[in-house]
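Subject: Structure for you to look over

Hello,

Here is the structure I said I would pass on. Please open it first, then read my notes below.

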Amino acid sequence: MTPEPLKIGVLGYRFMGKAHANALARLPMFFPDAPEVERHMLVGRDEEALADAADRLGFAHTATDWEAALDEVDVFYNLGPNHVHAEPSIAALEAGVPVLCEKPLAPTLEAAAAMRDAAAATGVTAGTAFNYRFVPAIRHAKGLIEDGELGEIRQVRGRYLQDWLVDPEAPWAWRMDAELAGSGALGDLGAHTIDLARFLVGDRVGGVDRVSGQLTTFVDERPVYDEDGGVAEYRDVTVDDAYSAQVEYESGATGTFEASRVAAGHKNDHAIAVHGTAGSLTFSLERLNELEVLRAGNRGYETVLVTEESDPYVDRWWPPGHVIGWEHTFVHESYEFLSAVADGGAFEPSFEDGYAVQRILAAVERADERGEWVAVE
């Protein structure tokens, strides 16, 4: 008998809601071996906006109560603001509903620990949505590192730069409130980079022993605009606009990481470099079909176009050389997650992975507060 389609419930319908809904719609076209899904329930607070979003994103039903929605779905995508990650995700797991939760896993280490513990206690499939793990070029890079092409890993460097808050009059949003977001550029952007480093070199360098950290807020308050475009009020910014950190790994390898939401001229500049005793590689999200690789004996880097049918996921899309884009990472992510759900297996990045990143984020914050290197507890 053909299995019934998995009824998908999604909390959140704006930026991430669109990205994941698009991925769910593309799955049967390009990944016919993926579990069949039904975009069943879209969850939000504003009934009118929710109804419009459900129509555009292809969801059959809407709900303003996530608790009621859990009774009607087989899988739950938690794409809400950071402060609503923990409670709905834990409730879903305890109800036996698999969860894919956006990053960072939670606004606080304590909440992330509770989510990790719920996943472990229930044994229900749970994943943290670090979508950049699913870029074909990143998968190719991981293969090179695992095969020893770079030798012993000595250094990792990562940055994530954006400029959407350069203007001091840019409007206030929930991402600027520590109670809602947890942190600013550190959690919003740095979480991605730190997870990529763990994914690429964690098996070669071990965990992070200690970190330094500097968090900076350049604009202390931002405007809230009324319907006519006038400033209704100003609200405090209680998170960082930019961060930088140094890390020391168990192997003795070092890492340097930074992120900014006020880096003029950088729209979504996410890059990571790995340096070893026999070679190096560099990846940039702005050229996500390419990998820069320096091999032993070569005098310079070669640009590798990662679009061959033998490259991860590429055989599902277009002929070699026909590049894919940012949105495809969500398709790959949902394919892997929903396949794990259908098989009753584990998915990576897991809630344990999300918690591991959160431990490093929390350590960077402690290091900034104390003005000194701190151990990752």
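Helices (H or I, at least four residues) and strands (E, at least two) are DSSP runs, and their numbers count from the N terminus. The model is predicted, so local features need pLDDT of at least 70, side-chain atom pairs count only at pLDDT 80 or more, and totals for chains, interfaces and linings use all residues. Residues are numbered from 1 along each chain as its sequence is written, and side-chain values use heavy atoms, with hydrogens and water left out.

**Cis peptide bonds and a positive phi**

Most peptide bonds are trans, and most residues other than glycine have a negative phi. Some places here depart from that pattern.

P104 sits in the loop between β5 (99-102) and α5. The bond that joins K103 to P104 is cis, with omega about -15°. P349 is in the loop between α9 (328-343) and α10 (351-370).

Y313 is not a glycine, yet its phi is positive, near 75°. Y313 lies in the loop between β17 (302-305) and α9. Its relative accessibility is 10%, so Y313 counts as buried. (Buried means under 20% relative accessible area, exposed over 50%, and partly exposed in between, with a 1.4 Å probe and protein chains only.)

**Around N82**

N82 is in the loop between β4 (75-78) and α4. Its relative accessible area is 6%, so N82 is buried. Which residues does N82 touch, not counting residues up to four places away in sequence? They are K103, P104, A106, P107, W174, L180 and A181. Touching, or contact, means heavy atoms within 4.5 Å. A polar atom of the N82 side chain also lies 2.9 Å from the backbone oxygen of A181.

**Helices**

Helix α4 (residues 86-94) packs on helix α5 (residues 109-122) at an angle of about 10°, and their axes are 9 Å apart. That makes the two roughly parallel. (Angles under 35 degrees count as roughly parallel, over 145 as roughly antiparallel, 65 to 115 as roughly perpendicular and the rest as oblique. Axes are lines fitted to C-alpha atoms, for helices over the stretch in contact, and angles run from 0 to 180 degrees between N-to-C directions.) On the α4 side, A86, S89, I90, L93 and E94 take part; they meet A111, A114, M115, A118, A119 and T122 of α5.

Helix α1 (residues 15-30) has 16 residues. At 1.5 Å a residue it should span 22 Å, and its end C-alpha atoms are 23 Å apart, which agrees. (The expected span is 1.5 Å times one less than the number of residues.) Among the buried residues of α1 are M16, L24, L27 and F30.

**Two strand residues**

R210 belongs to strand β8 (residues 208-211). With a relative accessible area of 35%, R210 is partly exposed. Its side chain makes a polar contact of 2.5 Å with that of E248. (A polar contact is a pair of N or O atoms within 3.5 Å; within protein, one must be able to donate a hydrogen and the other to accept it, and residues adjacent in sequence count only if both atoms are side-chain atoms.)

T282 lies in strand β15 (residues 280-284). T282 is partly exposed too, at 26%. T282 and I138 are 144 residues apart in sequence but 9.7 Å apart in space, C-alpha to C-alpha.

Best wishes
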